[in-house]
Amino acid sequence: MNGQTKGSKRFARLAQRPINKDTFIQEWPEVGLIAMDSASDPKPSLKIVDGVIEEMDGKARADFDMIDHFIARHAVDLERSAEAMATPSKELARMLVDIHVPRQEIVQLISGCTPAKVVEVVNHLTVLEMMMALAKMRIRRTPANQAHVTNRKEHPALMAADAAEASLRGFAEIETTVKVARMAPLSAMAILIGSQAGRGGVLTQCAVEEALNLRLAIKGLTTYSETLSVYGTDPAFIDGDDTPWSKAFLASAYASRGIKIRFTSGTGSEVLMGHAQGKSMLYLETRCLMVVKGAGSQGVQNGSISCVALPESLPGGVRAILAENLIATLLGLEVASGNDALASHSDIRKSAKLMLQFIPGTDLVTSGYSAVPREDNLFGGGNFDAEDLDDWNVIQRDMSIDGGIHPVREDDVLRVRERAARAVQAVFQELGFPTITEAEVGAATYAHAGTDMPNRDQVADLAAAERFLQGQQTILEVIQALDAHGYGDIAERVLEMQRQRIIGDYLQPSAIFDDDFRVLSAINDPNDYQGPGTGYRPAGKRWQAIQDLPQAVNPREMVGEAPTPIALRLQSIGPAAQGVDMEVVVALGPAFGEEITTTIGGLSHSDVLREVMAGIAEEGVSARLVRVLATSDCAFIGHEGAKLSGSGVAIGIQSKGTTVIHQRDLEPLNNLELFPQAPALSLDSYRQIGRNAARYAKGKATTPVSVPVDNTVRLRLIVKATLMHLRETKRVVLGALPLELQVTWHEEPL
Amino acid sequence: MIKKRLRYPLSETIGDSIRSRTERPLAELTLDNLRLGLLAPEDFLIHSEALKLQAQIARAGGYRQLASNLLRAAELVDIPNEKLLSMYNALRPNRSTYEQLTSLADELQNVYNAEETAKLLREAAEIYKMFGLCLAGS
């Protein structure tokens with residue numbers, strides 16, 4: 001933590017690192033500050049008498065709490081129980097990572113387990129094993145991702161533009177929320193229109209209080225809802241103003257209007273509310289998940305969500321979060337696997353944690369990637385935000401993994417952003433909402449953050465939102481407004497979202513839509529991973545899209561670049577002779593001064609050569625130039641030169657500038673001095689190299705040339721070095737003898 | 001007629017025969033008809049038959065509890081929005097007496113033929129009574 005150090009400069013530096021802004025605590029099991037495996041977690045047990053559970057996890061029916069009753073009645077499949085409970089937990093755990101045991105078999109067995117049994121199974125797994133299991137147990141084959149879109153000003157044009165960009169980037173779902181609850185109708189409307197301007201089929205929701213949420217959905221302003229929170233102890237559930245039965249009813253209420261839902265839970269919420277009853281976070285979360293399943297939800301958003309910093313303060317907390325994602329899949333639930341709320345000050349720690357879900361893949365890798373800057377995130381700050389989008393894209397490309405999005409081009413982004421903002425402008429005009437000006441549309445098109453937007457009259461917007469919510473108008477008036485103002489395509493897509501409601505295909509587990517509104521769910525796209533060569537992997541067009549970074553360049557074009565003209569002419573005048581006099585041979589690579597005319601550090605070959613020769617001359621020694629054609633390797637170029645040199649000393653220079661001082665009687669890969677980091681060499685360095693070589697030739701004591709060290713050189717320039725070397729190597733003529741060169745200097749580049 | 005093996009997604013297999021709760025075929029839910037003023041919000045409500053078909057698909061896929069949820073949903077399609085919201089609120093903790101909950105269950109069963117949902121409410125009433133989540137009786 002940020003405490004005083006005792007004088008160690010190392011510790012002082014470490015104390016300032018982002019990781020040490022995070023809070024870490026030791027376990028305190030009695031109050032529930034323990035991630036997994038608390039001594040007071042119950043041991044699995046199950047007694048069934050006449051088709052009724054009489055004892056579960058060491059508790060007699062008479063001692064059941066409310067949640068036990070719900071789980072016993074709705075979440076445990078009694079037909080499967082005998083076999084499931086009799087199977088040793090370690091054996092079940094091994095089945096999870098055994099590629100020969102298919103997912104369906106495990107789901108069926110787990111359906112007969114009690115909460116404590118499920119926890120005991122997962123406790124046997126390391127993080128790596130959990131990742132293997134998650135890859136197999138995720139219910140939808142194709143992974144996807146969800147975006148969060150909000151802004152500080154609750155500006156509808158910016159909301160629409162950001163939603164359009166998020167859907168263009170490939171997010172399957174977009175969620176918004178509000179600062180002021182009364183703004184919800186306008187924000188929900190803006191992201192719905194915006195999302196469909198980006199591409200068809202993106203699902204949208206607005207996180208507000210349950211009753212308001214249902215109202216928005218009924219009006220057609222949202223297409224799914226994931227705010228149905230559940231908790232793992234009775235008092236926490238009651239504090240959440242619900243029971244498992246009221247949530248189950250709510251789930252059916254949504255489905256009766258054709259609206260997809262997903263429940264929410266996550267480790268840490270109970271202890272945060274003061275009601276953990278001394279149980280581990282994972283045990284309580286498992287109870288939540290069994291309530292979710294029992295209530296008939298198709299899926300869950302979990303992975304600690306807004307409480308994430310709490311389990312992460314504890315030993316094994318990140319493992320527990322992975323375990324809860326895994327348990328959701330074991331129960332056959334769609335999982336939107338957290339990674340949404342800000343979890344650490346450390347980018348290293350955030351990325352490391354992300355990999356646990358990113359690599360195996362989940363139905364929605366985050367339950368809200370902040371597609372806006374952190375300052376605009378009304379969910380309390382995103383773990384990954386708009387500024388991390390390219391990092392995410394690159395990591396997908398690095399690992400050949402589909403994290404649910406793909407790189408986009410700036411032109412395309414600007415086009416959909418403007419269209420979305422204009423579409424919302426038209427709808428506002430048609431419905432009599434406060435005007436969205438041209439200036440606002442323009443600002444929304446090019447904005448990065450809410451601060452780029454003009455201020456709006458929030459009172460007027462809120463009044464319009466309230467009128468819409470209370471009035472008779474619905475999404476149908478919005479669709480007509482879009483259509484009337486020339487946004488027929490967006491109107492069609494928003495209408496299609498409404499049509500899907502009467503079909504109900506997207507009520508099935510883990511349902512999303514592709515661009516053409518083809519539904520993809522665990523029913524028609526079930527995860528079939530069973531080891532190498534099976535399951536989902538990005539291929540074909542999808543893999544092309546993932547790897548197509550706008551900043552990636554074509555290396556062939558880099559190689560083909562015409563050389564920059566230089567004020568130097570090197571003319572070959574026949575085979576190089578064996579020297580006898582006091583001299584230093586300067587041996588040049590095959591492309592030096594011709595195919596390539598500048599070093600990797602941007603120095604002109606004419607300047608480099610002039611300095612080297614001047615350095616040699618300073619020591620009163622003559623220089624002789626030869627071109628080596630038989631090799632492009634720096635050491636061998638130098639050694640070839642040394643063999644020809646009357647003094648036995650030569651300087652070898654590759655075209656990219658890498659240089660060696662060599663001596664005839666050394667092994668080729670040995671040397672007097674080597675300068676492997678060409679970008680670090682200045683013209684002065686080359687002069688000193690010339691001088692030193694001459695001193696070695698004369699047998700004088702010589703201090704090696706000092707060159708500054710830059711440890712980022714290799715990172716920055718390795719691609720360029722490779723391409724320059726390829727170009728030089730192309731000029732190699734195997735077995736060719738070195739050529740004597742005559743140098744002519746010119747006033748101007750030729 | 002329902003085939004032995006339901007093919008999913010319904011939109012691709014029996015899309016033509018899907019109707020809204022107002023008995024309007026899916027094919028009529030078009031932008032053209034909206035322009036002509038022929039469509040109302042109720043035309044975009046799901047039919048109980050579609051929910052029952054989806055429940056069958058869920059059950060066949062091994063999602064037993066989701067299937068039950070969709071069957072309850074099928075029972076709720078005719079309940080007006082405000083009534084549905086008030087039923088949800090009545091089910092929240094400490095909102096209703098035991099008798100109010102059981103009579104709500106009776107209403108669901110008798111008025112809306114919502115047998116499964118009524119069962120869920122009766123079960124809730126019993127549990128709420130057991131755990132002191134009912135208001136004191138009148």
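## A covered strand and an enclosed helix

In strand β15 (residues 583-588) of chain A, 6 of 6 residues are buried, so the strand is mostly covered, where buried means under 20% relative accessible area with a 1.4 Å probe and protein chains only. The model is a predicted one, in which local features need pLDDT of at least 70, side-chain atom pairs count only at pLDDT 80 or more, and totals for chains, interfaces and linings use all residues. Residues are numbered from 1 along each chain as its sequence is written, chains are lettered from A and ligands numbered from 1 in the order in which they are written, and side-chain values use heavy atoms, without hydrogens and water.

Helices (H or I, at least four residues) and strands (E, at least two) are DSSP runs, numbered from the N terminus. On one side of β15(A) the buried residues are E583(A), V585(A) and A587(A), and on the other they are V584(A), V586(A) and L588(A).

Helix α21 (residues 475-484) of chain A is largely enclosed by the rest of the structure, because 7 of its 10 residues are buried. The buried residues of α21(A) pack against α9 (184-198), α18 (410-430), α20 (458-470) and α22 (488-503) of chain A, together with α2 (31-35) of chain B, where contact means heavy atoms within 4.5 Å.

Terms used: Buried means under 20% relative accessible area, exposed over 50%, partly exposed in between (1.4 Å probe, protein chains only).
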